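Work through the exercises below with the model open. Each task is followed by a solution in steps.

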Amino acid sequence: MTEKTVVIQNSTGLHARPAALLIQKAGSFKSSIKIVKDGREADAKSLLGVMSLAIKGNESITIRAEGEDEAAAIEAMTQFLESHQE
Amino acid sequence: MEQNGKGIGAATGLAIGTAVIWKKEEVSVQERSITDLSSELQRFKQAIQATKEQVQILRKQTADRMGESEAAIFDAHLAFLDDPGFIGEMEQRINTQKQAADWACQSVTGEFSSLFSNMEDEYMRARADDIRDVGNRLLQNIMGKPPLDLGLLKPESIIIADELTPSETAQFSEAIIGMITARGSKTAHAAIMARTLGIPAVLGLGSFIQQINDGDTIILDGSSGEVIVNPKELLLSQIQEKISKQNQLQASALQEAAEDAYTSDRKRIQVLANIGSPQDVQDALANHAEGIGLFRTEFLYLENANWPTEEEQFSSYKQVLEAFPSKPVIIRTLDIGGDKHLPYAELPKEENPFLGLRAVRYCLANPDVFKTQLRALLRASVHGSLWIMFPMIGSVSEILQVKQALEECKQELATKKIPYSDQIKVGIMVEIPAAAIHADELAKEVDFMSIGTNDLTQYTLAADRGNEQVAHLYDPTHPAVLKLVKMTCAACHRAGIPAGMCGELAGDASMTEILVGLGLNELSMSAKAIPQVKQQIRKIASAEASSLALEALHKR
């Protein structure tokens with residue numbers, strides 16, 4: 001299992017549109033990917049799950065991946081969360 | 001047994017049909033575990049499949065009837081039905097905790113909807129309704145009781161409901177030929193929708209609707225507000241005859257509708273259509289509208305999850321302008337506030353929203369929103385004959401401010417070498433009594449005026465049009481309202497500019513003669529009303545119309 005903590009750069013957080021982009025990205029990996037915020041965990045491939053965490057800009061979250069491509073998954077998720085702006 | 005009820009006639013026309021009682025069923029189940037896991041999972045999967053099929057049908061019907069953008073909400077519903085965090089979570093609870101599918105569905109739906117309904121963001125809060133909607137539909141399918149769909153009714157249905165929301169009326173198919181509600185008034189959204197669809201409606205019937213049963217035969221008179229349940233054979237055949245006569249009248253009116261309308265003494269009255277989205281253009285053309293007298297732009301804002309972009313707006317405006325080459329297309333700038341909210345606009349909570357920051361007041365306070373729309377309008381102006389109309393104007397200084405904003409947008413476009421027409425007309429909607437009283441001064445600053453009778457009536461008579469307690473006080477034919485109409489027309493004539501009306505009153509053929517007598521040159525209405533109003537105009541002699549108007553002004 002690989003795990004990493006990242007700070008959301010998008011100032012408006014993970015609302016509908018960036019959340020949809022994020023789950024698309026997560027869906028391209030075989031690994032199971034979770035996002036954890038304040039002890040609550042959501043499936044990164046579930047739009048409702050990601051949106052239900054109500055992640056705001058500048059908040060820190062933990063990404064957890066488990067599976068054959070977990071390293072690549074963490075890398076891609078981190079890159080998206082740290083660079084996406086809208 | 002024959003029974004009679006009387007409500008508010010909200011959309012004219014006669015209909016005979018079969019009652020369909022429309023109730024939002026909220027099913028509720030108890031916690032329960034299961035022993036036969038594989039058949040439970042099968043039941044669950046079949047229910048998901050059935051739910052998806054129903055939502056797809058609703059999506060297609062909505063797209064066909066209302067347009068793609070209205071149908072987009074069902075894409076979200078379909079996405080939820082594939083969501084691993086939602087459906088996957090239910091499946092896991094069935095699998096690992098041996099929960100019954102119905103209980104798993106109800107509890108997961110409840111958890112997600114309460115998570116969303118407690119969020120700060122209004123857009124996210126609104127998603128709670130979608131989750132409940134789709135979760136409830138799935139639950140009903142699991143229980144083997146698929147929900148009644150407004151879109152899937154038998155022909156000749158008359159909907160009986162406590163009240164109808166815009167999202168429900170959006171699903172109406174051709175099978176629905178009339179509507180009856182316990183609550184609501186003549187200007188409720190449901191009433192406006194009924195008039196757009198051209199079906200009769202009686203609203204505000206109160207507890208009488210409880211006496212109507214599923215399958216009862218109903219006679220509905222949308223003009224008088226009368227509803228007859230299980231009528232006697234004789235009455236039924238009389239009404240049937242009347243309906244076929246009316247259909248003939250409408251057909252013959254439509255045949256003559258292509259001709260411009262002149263009074264018998266050759267005074268030309270222009271008859272235009274009110275539309276709410278580019279989808280309505282077809283209907284306007286089919287009924288021979290001589291242009292668009294009111295294009296409400298709110299749909300662009302209300303159906304979006306965020307502010308519509310300049311590009312999105314531009315393409316809608318262009319589409320409408322191109323449909324009416326060389327005919328006026330009056331586009332009204334954003335009118336939100338009052339009873340119309342935008343989830344993403346974060347409008348302040350107001351004690352008295354109808355007297356608050358609405359329409360042009362909101363736009364002037366939010367120049368980014370306002371100028372995005374103005375730029376889209378200016379860019380679209382090269383594709384037709386654009387008239388821009390500003391709502392809720394009450395003073396000359398507001399006109400000067402909106403013209404200033406328009407000028408700034410023109411400069412911006414000119415700097416970027418983006419073309420716009422130099423023939424654009426600028427006008428105002430007269431709906432605040434102050435505008436009518438002060439019309440002479442306002443007329444000097446604009447190219448046209450159009451009277452919005454719905455708001456003008458409610459502001460003049462201080463009667464909330466949405467409140468059934470005072471709905472009887474709301475009367476657009478009240479002499480005080482007609483006097484303001486006359487004052488506005490007179491000011492327009494003195495200034496040499498057209499005087500129009502785009503409120504509901506304009507489409508009421510029984511009022512056409514008085515309106516012409518008050519001095520209106522242009523009437524704009526729901527497309528379906530155009531043929532009969534044109535026919536009515538041809539019967540009018542100006543002198544008689546004037547004396548009839550005078551009489552109406554002095555009614556006690």
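The exercises treat chain B of this predicted model, then its contact with chain A.

**Exercise 1.** Describe the overall make-up of chain B.

Solution. Start with the secondary structure: chain B has 21 helices and 17 strands. Next, take burial, where a residue counts as buried if 20 or more other C-beta atoms lie within 10 Å of its own. Of the 556 residues in chain B, 47% are buried. Finally, consider contacts with a separation of 6 or more: in chain B, 68% of these join residues 24 or more positions apart.

**Exercise 2.** Trace the open sheet of eight strands in chain B and find its edge strands.

Solution. The strand order is E1-E8-E7-E3-E4-E5-E6-E2 (chain B), and the pairing is mixed. E1 (3-6) and E2 (8-11) of chain B each pair on one side only, which makes them the edge strands. From one strand to the next, the twist averages 30°.

**Exercise 3.** Locate E3 of chain B relative to E4 and H8 of chain B.

Solution. E3 (residues 14-22) and E4 (residues 157-161) of chain B are parallel and share five bridges. Within this pairing, B:Val20 has B:Ile159 of E4(B) as its bridge partner. Helix H8 (residues 233-256) of chain B lies across E3, E7 (217-221) and E8 (226-229) of chain B, at about 115° to E3(B).

Technical notes. Residues numbered from 1 in each chain as written. Chains lettered and ligands numbered in written order. Predicted model: local features only at pLDDT ≥ 70, side-chain atom pairs only at ≥ 80, totals over all residues. Helix = DSSP H or I, 4+ residues; strand = E, 2+ residues; numbered from the N terminus. Buried ≥ 20, exposed ≤ 12 C-beta atoms within 10 Å, placed from the backbone. Contact = placed C-beta atoms within 7 Å. Pairing = 2+ DSSP bridges. Axes fitted to C-alpha atoms, helices over the stretch in contact; angles between N-to-C directions.
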